Structures are given as structure tokens and as C-alpha cells.
Amino acid sequence: MRFKGSTIFVTGGAGFIGSAVVRHLLRDTHARVVNIDKLTYAANPNSLPGAAQNLNYSFEKQCICDGAGLRRLFEKYQPDAVLNLAAESHVDRSIDGPGEFIQTNIVGTFTILQEALRHWRTLSPEKREQFRFLHISTDEVFGSLGDDGFFTETTAYAP
Ligand SMILES: NC(=O)c1ccc[n+]([C@@H]2O[C@H](COP(=O)([O-])OP(=O)(O)OC[C@H]3O[C@@H](n4cnc5c(N)ncnc54)[C@H](O)[C@@H]3O)[C@@H](O)[C@H]2O)c1
């Protein structure tokens with residue numbers, strides 16, 4: 001199976017999509033999974049049945065806006081990859097309360113990128129080459145597609 005000996009950070013791993021990613025990694029790979037989640041109203045710890053008993057699983061209650069806290073986790077676990085799914089995701093809520101969205105989606109994303117870069121700089125050339133930071137966003141950032149075609153990772157943003 002894949003990812004034997006690898007440690008993967010999944011932020012927002014108690015959320016709707018993050019929990020599915022954690023379940024998939026624990027079921028279908030050998031990765032050691034560290035779920036980093038602030039446990040907001042959107043989190044559902046019940047979405048990870050049996051995870052706590054899995055030796056490949058760790059949970060850290062942590063906000064991605066807290067650089068010092070993230071740094072401690074990077075130093076503790078030495079991850080090979082980060083899947084960033086922590087977000088304020090319910091668009092309608094951003095109209096009444098945009099502050100949390102600015103914090104998590106902008107400041108938090110910047111903070112975890114910064115701490116991932118700090119960690120990456122400590123790695124050997126080989127490990128640097130293999131390290132991945134995968135930011136989960138939405139196809140909405142690319143705008144509308146029209147009748148056919150497809151977006152790629154190099155498509156310009158046009159939200
Ligand atoms: N759900 C969808 O249909 C869908 C579709 C396209 C893209 N996405 C994107 O996927 C990502 C995840 O979406 P989702 O539906 O799983 O969201 P969700 O709201 O269900 O879960 C978000 C998780 O992030 C955690 N979180 C929030 N702020 C945090 C913080 N500051 N620090 C740490 N953890 C924090 C929450 O506690 C929660 O567990 C988002 O970026 C979203 O835009 C979702």
C-alpha cells in the first residue's frame with residue numbers, strides 16, 4: 001500500500017471533506033495521519049469512527065492561524081505532506097460574519113504555508129523534492145467554464 005513510512009498532515013480533518021480524506025488515508029494507505037482541527041461548529045468528530053484506536057492516527061486541536069502552535073506540530077511530527085482542508089466553508093455565513101473567514105481562509109492559509117516553508121527548509125534535498133503542500137480550494141476560483149473544456153492547475157484565477 002501507498003505512503004508507508006510517510007506522515008501526512010490533514011487540516012480540517014473533522015470537517016465534511018477532511019474526514020473523508022482521513023478515512024480514506026487510514027483505510028487505503030499506510031500513511032501516519034495527523035488530523036489538525038480547531039473543532040469549530042462545522043466539525044463532526046463522530047465522522048471518524050474508530051480513528052482514535054488506529055495506531056496510524058493522531059489528533060491535534062489546533063487553529064491554523066497560530067504559527068507557534070503549528071511550528072510545534074511540524075517539529076513534533078516532521079510531516080512529508082500537508083493537505084490543507086481547514087476552512088470556513090459555508091459561504092452564506094461570510095455575509096453576516098466575514099471576520100472568521102478572513103482569519104481562517106486568508107490569515108490561516110498564509111500561516112500554515114509559512115510554517116510549511118520553514119519546515120521544508122530544514123529538509124534534505126531529497127525530502128524537499130518529495131514534500132507536497134496540497135491546498136484544497138474550490139473550482140469557483142476559476143470562474144465559469146462555458147459549454148465545454150476543463151480547468152487545470154495552471155488556469156488563472158477568475159472568481
Ligand atoms: N463541501 C463541499 O462540497 C466543497 C466543495 C468544494 C470545495 N470545498 C472546499 O473543501 C474545503 C473543506 O470543506 P468542508 O466542506 O470539509 O468544510 P467543513 O466546514 O465541513 O469543515 C471545515 C473543518 O475545518 C475546521 N476549521 C475551521 N477553521 C479552522 C481553523 N482556523 N483551524 C483549524 N481547523 C479549522 C473545522 O473545525 C472543520 O472541521 C474548503 O476549503 C471548501 O471550500 C468543499
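**Helix packing and spaces**

Reply: In this predicted model, helix H2 (residues 67-77) packs with helix H4 (residues 98-120) at an angle of about 35°, and their axes are 10 Å apart. The crossing of H2 past H4 is right-handed. On the H2 side, the contact is made by Gly67, Leu70, Arg71 and Phe74. H4 supplies Thr111, Ile112, Glu115, Ala116, Arg118 and His119. Sorted by class, the contact of H2 with H4 has 4 nonpolar, 3 polar and 3 charged residues.

H4 also takes part in the lining of the largest pocket, where it gives the largest share, 7 residues. That pocket has a volume of about 1,000 Å³. Its lining has 40 residues, and Leu85, Ala86, Ala87, Glu88 and Ser89 lie nearest its centre. Besides H4, the elements giving two or more residues to this lining are helix H1 (16-28), strand S2 (32-37) and helix H3 (91-96). By class, the lining has 20 nonpolar, 16 polar and 4 charged residues.

The second largest pocket has a volume of about 230 Å³. Among its lining residues are Phe3, Leu25, Asp80, Lys127 and Gln130. Strand S4 (81-84), helix H5 (125-130) and strand S5 (132-135) each give two or more residues to this lining, and S4 gives the most, with 3. The lining divides into 7 nonpolar, 2 polar and 3 charged residues.

The largest cavity contains about 40 Å³ of space. Pro79, Asp80, Leu123, Lys127, Gln130 and Phe131 line this cavity; by class, they are 3 nonpolar, 1 polar and 2 charged.

Conventions
Residues are numbered from 1 along each chain as its sequence is written. This is a predicted model: local features need pLDDT of at least 70, side-chain atom pairs count only at pLDDT 80 or more; totals for chains, interfaces and linings use all residues. Side-chain values use heavy atoms; hydrogens and water are left out. On a 1 Å grid over the protein atoms alone, a cavity is a set of points where a 1.4 Å probe fits but cannot get out, and a pocket is an open set with protein on both sides within 12 Å along at least five of seven lines; lining residues have an atom within 4 Å of a point. Grid points are joined across faces, edges and corners, and a volume is the space filled by probe spheres set on the points. Ala, Val, Leu, Ile, Met, Phe, Trp, Tyr, Cys and Pro count as nonpolar, Asp, Glu, Lys and Arg as charged, and the others, Gly among them, as polar. Axes are lines fitted to C-alpha atoms, for helices over the stretch in contact, and angles run from 0 to 180 degrees between N-to-C directions. Helices (H or I, at least four residues) and strands (E, at least two) are DSSP runs, numbered from the N terminus. A crossing is left-handed if the near helix is turned anticlockwise from the far one by less than a right angle, and right-handed if clockwise. Contact means heavy atoms within 4.5 Å.
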